[in-house]
Amino acid sequence: MLTELEELRTKALAELSRIDNLSELEKWRVRYLGRKGALTSVLRGLGSLPIEDRRSAGATANDIKALLEAELQRKEQGLREKELVAVLEQTRIDVSLPGYPVPLGRLHPTTRTLREICDIFVSMGFQIVEGPEVEWDYYNFEALNIPKDHPARDMWATFWLDTESGDRSRLLRTHTSPMQIRLMETVRPPIRALMPGRVYRYEATDATHESMFYQVEGLAVDQGITMSDLKGTLFEFARRLFGEGRKARFRCDYFPFVEPGVEMAIDCFICQGAGCRLCGNTGWIEILGAGMVHPEVLRRVNYDPDIYTGFAFGMGVERIPMLRYGIDDIRLFYGNDLRFLKQF
Ligand code: DAH
């Protein structure tokens with residue numbers, strides 16, 4: 001019995017030393033220490049021994065059992081540690097690797113210019129108002145003192161929309177001026193508003209013409225507003241946008257919805273008025289149209305022109321970055337060529 005136990009111990013320990021994974025270890029445990037394992041069956045056989053052998057055999061068997069259990073535990077701990085190390089090796093993160101580059105977006109030059117213009121007027125107490133691009137003939141023309149069949153309509157090449165009755169009543173707004181009427185219909189003076197947005201022209205495109213572009217409309221209506229308010233406001237705006245020392249020039253112009261109507265120019269910021277390519281050798285750059293709101297327009301929205309007066313102005317937005325950065329083709333703005341857009 002004792003030799004049998006010795007052999008069992010030697011064999012079990014030899015096998016244990018060769019095991020290198022947890023599932024093999026579990027099999028080994030079942031084989032030697034399990035309920036039907038080798039050592040258990042030896043212990044069960046103790047009963048059949050003569051009493052004098054039973055004690056020493058029993059003690060030896062218990063020693064071996066304790067030894068094997070201790071070895072099992074040591075082995076298991078070792079294997080678990082090895083397993084952990086292997087997992088850590090496999091999932092190791094190299095913190096010195098460079099990260100993925102995060103592409104940085106940028107604002108479109110039109111958006112930047114619009115924000116700049118809006119900020120200037122907001123600081124002067126103007127509110128920002130927006131409205132529809134699909135417009136009625138009434139707002140785009142009629143209420144702005146441009147009746148049907150009036151030759152002034154030729155100033156705006158119009159995209160007409162199909163209507164059920166086939167009449168020309170709906171269009172893509174050709175300017176932001178209809179927002180003057182929409183606003184005056186809904187509020188009473190005093191008004192100081194800036195109305196930016198897209199406008200559309202039915203025209204062949206070239207370097208200076210696009211079928212869609214942006215405008216900003218301005219309107220101020222109150223008691224006692226005069227031409228000097230118009231000049232002061234727009235002069236201040238021009239200096240904030242184009243630089244302190246700018247000069248401004250106002251000349252007569254015609255727009256059906258203002259009287260008198262003017263066109264404002266600033267002295268060329270490239271040649272300082274001496275004459276160059278940018279200003280076409282005139283020394284002046286036209287930047288907007290403006291005027292005193294026509295009494296007829298005020299009457300349309302039930303404002304009494306004997307009590308209220310106002311000024312209005314409108315300007316193209318793309319023209320400003322074109323002048324500033326020397327962009328010579330307006331089609332670049334909405335051509336979506338990243339090589340162009342990335343420069344801003
Ligand atoms: N709406 C005009 C255009 O598109 C620009 C304009 C001129 C607007 C004079 C005004 C103004 O408000 O007073 O050409």
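**Entry 1: the second largest pocket.** I began with the lining of the second largest pocket, which is made by D137, F141, K148, D149, R153, D154, W156, T158, W160 and R168. I sorted these lining residues by type and got 3 nonpolar, 1 polar and 6 charged. The space in this second largest pocket comes to about 160 Å³. A reminder to myself: the model is predicted.

**Entry 2: the largest pocket.** Next I looked up the largest pocket, and its volume is about 1200 Å³. Of the 40 residues lining it, E286, I287, M315, G316 and R319 are the closest to its centre. Which element gives the most to this lining? I found that β8 does, with 6 residues. At least two residues each come from β5, β7 (258-267), β8, β9 and α10 (319-325). By type, the lining of the largest pocket splits into 18 nonpolar, 11 polar and 11 charged residues.

**Entry 3: the ligand.** Where does the ligand sit? I checked, and the space it takes is the largest pocket. In the shell around the ligand, β5 (212-223), β8 (284-293) and β9 (308-316) are the elements that give two or more residues. I noted 16 residues around the ligand, of which H175, S177, Q180, Q215 and E217 come nearest. This shell holds 7 nonpolar, 7 polar and 2 charged residues.

Entry 4: Then I followed single atoms. In E217, a side-chain N or O atom is 2.6 Å from an oxygen atom of the ligand. S177 has a polar side-chain atom 2.9 Å from a ligand nitrogen atom. For W156, a polar side-chain atom lies 3.3 Å from a ligand oxygen atom. Last, I looked at cover: the ligand taken alone exposes 350 Å², and the protein buries 91% of that.

Conventions:
Residues are numbered from 1 along each chain as its sequence is written. This is a predicted model: local features need pLDDT of at least 70, side-chain atom pairs count only at pLDDT 80 or more; totals for chains, interfaces and linings use all residues. Side-chain values use heavy atoms; hydrogens and water are left out. A residue is near a molecule or strand if one of its heavy atoms lies within 4 Å of it. A polar contact is a pair of N or O atoms within 3.5 Å; within protein, one must be able to donate a hydrogen and the other to accept it, and residues adjacent in sequence count only if both atoms are side-chain atoms. Accessible areas come from the Shrake-Rupley method with a 1.4 Å probe; for residues, only the protein chains shown count as cover. On a 1 Å grid over the protein atoms alone, a cavity is a set of points where a 1.4 Å probe fits but cannot get out, and a pocket is an open set with protein on both sides within 12 Å along at least five of seven lines; lining residues have an atom within 4 Å of a point. A molecule sits in a cavity or pocket if more than half of its atoms lie within 2 Å of its grid points. Helices (H or I, at least four residues) and strands (E, at least two) are DSSP runs, numbered from the N terminus. Ala, Val, Leu, Ile, Met, Phe, Trp, Tyr, Cys and Pro count as nonpolar, Asp, Glu, Lys and Arg as charged, and the others, Gly among them, as polar. Grid points are joined across faces, edges and corners, and a volume is the space filled by probe spheres set on the points.
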